[in-house]
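My notes follow in the order in which I checked things.

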Amino acid sequence: MSKRVIITGAGRGIGYALFKNFLDNRHEVLGISRDIHHLSLLSDIPQKHILSLDLTKISSYERILEAIPHWDRVDILINNAGYLIRKPFKNLSDGDFEYSFSLNTLAPIRMIRILTPLMSRSSHIVNISTIGAVQGSKKFPGLAAYTTSKAALCNLTELLSEEFKSDGPIINCLALGSVQTEMLAQAFPNYKASLIPEEIADYIYRFSLEGQKFYNGKVLSVSIATP
Ligand SMILES: NC(=O)c1ccc[n+]([C@@H]2O[C@H](COP(=O)([O-])OP(=O)(O)OC[C@H]3O[C@@H](n4cnc5c(N)ncnc54)[C@H](OP(=O)(O)O)[C@@H]3O)[C@@H](O)[C@H]2O)c1
């Protein structure tokens, strides 16, 4: 059955590959990014919806429901948009932390807040975090703002699963290892990941369709390698 799906950060990298995957499989998808150029080049079919938004701006959020006025439900929300800044802690400003938390933590909170009224017990929220945010995992110097803001997203997942227990939606978090995208290349220029966006997108695609039958409130490590 065709699902109604919202993906943030769909303009490039993992989110773009995910968007294509859902569209190729005839699901109805809303893709959100600031730059929607690549999304606009995909063939225009009725299931395709794209929206250029900066998710760090509170005024953006009222435009999301306006973009899908005919949707009476949302089956899957994938909070994928992310921002990574790599700097020694002593050089990270309050602004660096504020921006990281604004996109990596507050944006998923706002998405969940506006979309849960359209979600049911069988709907699935998939938060995309990083392996470094998992307690006890290997840590990377220079990623304090990124990793702490993603760790908050992991914790939010566990907490909301309790709060949503009776009426849904189901909520899980995937803590990814390295995938060869612009974000990784910028942060670790000399490192080459073994996974490309299409490979991890295929896993996230299947997990977002099936994972809610097996997991709730879980932070799952999906990591074969890290820098
Ligand atoms: N690649 C990895 O190795 C890796 C590892 C662990 C976790 N992850 C996580 O996986 C997710 C996807 O990462 P990626 O590697 O595909 O990163 P990416 O290539 O940098 O893509 C990030 C996406 O987020 C969007 N975005 C950034 N700022 C935004 C804003 N203010 N408002 C709306 N959208 C915004 C970007 O589009 P615009 O710039 O056009 O807005 C882009 O589509 C992220 O959450 C990341 O933390 C990645």
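Entry 1, salt bridges. I am working on a predicted model. I counted the salt bridges and got ten in the structure.

I took Arg 4 and Asp 72 to begin with, and found their closest N and O atoms 3.1 Å apart. I then looked up accessibility. Arg 4 is buried because its relative accessibility of 14% falls under the 20% limit. Asp 72 is exposed at 58%, as the limit there is over 50%.

Next I noted Lys 48 with Asp 44, where the closest N and O atoms are 3.3 Å apart. Lys 48 is buried at 9% relative accessible area, whereas Asp 44 is exposed at 69%.

I also checked Asp 96 and Lys 87, whose side chains form a salt bridge at 2.8 Å, N to O. Asp 96 is buried, at 11%, and Lys 87 is partly exposed, at 29%. I looked for shared partners too: salt bridges join Arg 4, Glu 28 and Asp 72 into one network.

I read off residues 13–24, which makes twelve residues. From first C-alpha to last I get 17 Å, close to the 16 Å expected at 1.5 Å a residue. I listed the buried residues of H1, among them Ile 14, Leu 18, Phe 19, Phe 22 and Leu 23. Gly 15, Ala 17 and Asn 21 are also on that list. After H1 comes Arg 26, for which I noted a positive phi, near 70°.

Which order do the seven strands take? I read S3-S2-S1-S4-S5-S6-S7, an open sheet with parallel pairing. Strand S3 (48–52) and strand S7 (219–222) each have a single partner strand, so one side of each has no neighbour in the sheet. Neighbouring strands are turned by 20° against each other on average, direction ignored.

I then went to S4 and strand S5 (residues 124–130), which run parallel and are joined by four bridges. Asn 79 has Asn 127 in S5 as its bridge partner.

I found helix H4 (residues 94–115) lying across S1, strand S2 (28–33), S4, S5 and strand S6 (170–176). H4 runs at about 165° to S4. Helix H5 (residues 144–163) packs on the sheet and touches S5, S6 and S7. I noted about 150° between the directions of H5 and S5.

Methods. Residues numbered from 1 in each chain as written. Predicted model: local features only at pLDDT ≥ 70, side-chain atom pairs only at ≥ 80, totals over all residues. Heavy atoms only, no water. Salt bridge = Lys/Arg side-chain N within 4 Å of Asp/Glu carboxyl O. Buried < 20%, exposed > 50% of the residue type's maximum accessible area, 1.4 Å probe, protein only. Helix = DSSP H or I, 4+ residues; strand = E, 2+ residues; numbered from the N terminus. Expected span 1.5 Å × (residues − 1). Pairing = 2+ DSSP bridges. Axes fitted to C-alpha atoms, helices over the stretch in contact; angles between N-to-C directions. Contact = heavy atoms within 4.5 Å.
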